[in-house]
Amino acid sequence: IQVTPSGFNKGGLIVDMRGLKAFLPLSQLSGEHYPKVPDGDKTKIIQELQKLAQETFSVKIIDVNPKTDKLILSERAATEESVKELARQYEVGQRVEGIISGVASFGAFFRFTDNPKLEGLIHISELAHRLIENPKEIVKIDDPVTAKIIEIKDGKVYLSLKALQVDPWEEAKERFTSGEEVRGKVYAFHPFGALIDLGGLQGQIHVAEFGGVDEMKEALKQVETYDFIISDVQPEEKRISLKLKKQEVQ
C-alpha cells in the first residue's frame, strides 16, 4: 500500500493508516531512504527522518497485533522483490559504473548508474589495498566510480574498488629489502602496534618494540615522519615489519 508518514521518532516513521497508528521502523526502510550518516550520528539520523516525514512510501504490512496495538510496516519488504530482479541483471566479475550514494564507518554505498534503484555495498576492506581508518579517505558522496562485482547474494550486491587497481604488494620485494632504512609517516595506532605509511604501502611496528602502548605513543606521534629499519618483508601476507631506527647520541 501507499502511505505518507505523519511524524517520526528516533526509531522510525509514524503513519496514520485508516484511523490506526502504524510504524515504519528505521531498519525497514529501503536502501534508497535509509539515512546514511557518518558513524551513526543519532542527531543526524533524526534530521534525515524528519525530511522523509512528508514523502510517499510503498510499504508492506509485516506485523499486526490488535492486543498490543501493533501495526508494523516495511518499505524494504515491498521493494525486495524488485531489487532482487534488478540484481539478476548482473553477474560476479562484472565491471560497473556508479556513484557513491552514502558513506558509513563500515564502507560505502554504490548506486548503479544504469539502474538507480539498485544499490550495492563496497566494504571498507575493498576500498583500497591498504588498511584505512575511515572510508572518507578514499571516497565521498556523489563521487563517480567504477567497481567490480565480487558477490551477489539474496538480492544484495557487493563490490570492490581495489579489485580494479594494481596491487602494490606485487612489487614489495623489489621496493623493500630487510635491513634497509626507510622514512615513513605514522598513520594509525592499534593495540598490536602502529601502522606506518611508506608511500603506497604500509609497514607495521609492533608494540613490543616499545614495551607498551603508552610508551609507543610517547616515542611516535601521529602524522609525524620517522626513520625506520625494515626487519622483514612478506608480500604474500601483505606485511612489512619495521623497527624504529635508534638515534645516534651526539
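**Close-up views of a predicted model**

**View 1. Ser 101 and its surroundings.** The side chains of Ser 101 and Glu 119 make a polar contact at 2.4 Å. (A polar contact is a pair of N or O atoms within 3.5 Å; within protein, one must be able to donate a hydrogen and the other to accept it, and residues adjacent in sequence count only if both atoms are side-chain atoms.) This is a predicted model: local features need pLDDT of at least 70, side-chain atom pairs count only at pLDDT 80 or more, and totals for chains, interfaces and linings use all residues. Residues are numbered from 1 along each chain as its sequence is written, and side-chain values use heavy atoms, with hydrogens and water left out. Ser 101 lies in strand β8. Helices (H or I, at least four residues) and strands (E, at least two) are DSSP runs, numbered from the N terminus. Is Ser 101 buried or exposed? Ser 101 counts as buried because its relative accessibility is 18%. (Buried means under 20% relative accessible area, exposed over 50%, partly exposed in between, with a 1.4 Å probe and protein chains only.) Leaving out residues up to four places away in sequence, Ser 101 touches Lys 36, Phe 109, Phe 110, Arg 111, Glu 119 and Ile 141. Contact here means heavy atoms within 4.5 Å.

**View 2. Strand β9 between two partners.** Strand β9 spans residues 107-112; 6 of its 6 residues are buried, so the rest of the structure largely encloses this strand. Strands β8 (residues 95-104) and β9 run antiparallel and are joined by 6 bridges. (Two strands pair if DSSP finds at least two bridges between them.) Ile 99 has Arg 111 of β9 as its bridge partner. A hairpin is formed by β8 and β9, with 2 residues between them. Strand β10 (residues 119-123) is also antiparallel to β9, through 5 bridges. Here Gly 107 has His 123 of β10 as its bridge partner. The β9-β10 hairpin has 6 residues between its strands.

**View 3. The barrel.** In the order β8-β9-β10-β12-β11, 5 strands close into a barrel with mixed pairing. Neighbouring strands of this sheet are turned by 50 degrees against each other on average, direction ignored. (Axes are lines fitted to C-alpha atoms, for helices over the stretch in contact, and angles run from 0 to 180 degrees between N-to-C directions.) Strands β11 (residues 144-153) and β12 (residues 156-160) run antiparallel, with 5 bridges joining them. Ile 149 stands opposite Leu 159 in β12.

**View 4. The two sides of helix α1.** Which residues of helix α1 (residues 42-52) are buried? They are Ile 45, Leu 49 and Leu 52. These residues sit on the same side of α1, because they cover an arc of only 50 degrees around the axis. (The arc is that of the directions from the helix axis to the C-beta atoms.) Cover for the buried residues of α1 includes β2 (7-9), β3 (12-17) and β5 (57-58). Exposed residues Thr 43, Gln 50 and Lys 51 are on the face turned away from the buried side of α1.

**View 5. The loop at Ser 178.** Ser 178 is in the loop between α3 (172-175) and β13 (181-190). Apart from neighbours within four places in sequence, Ser 178 contacts Ile 230, Ser 231, Asp 232 and Val 233. Ser 178 and Leu 161 are 17 residues apart in sequence and 31 Å apart in space, C-alpha to C-alpha.

**View 6. Confidence.** The protein averages a pLDDT of 89, and 97% of the residues score at least 70. (pLDDT is the predictor's confidence in each residue, from 0 to 100.) Confidence is lowest in helix α2 (residues 75-87), at a mean of 81, and highest in β11, at 96.
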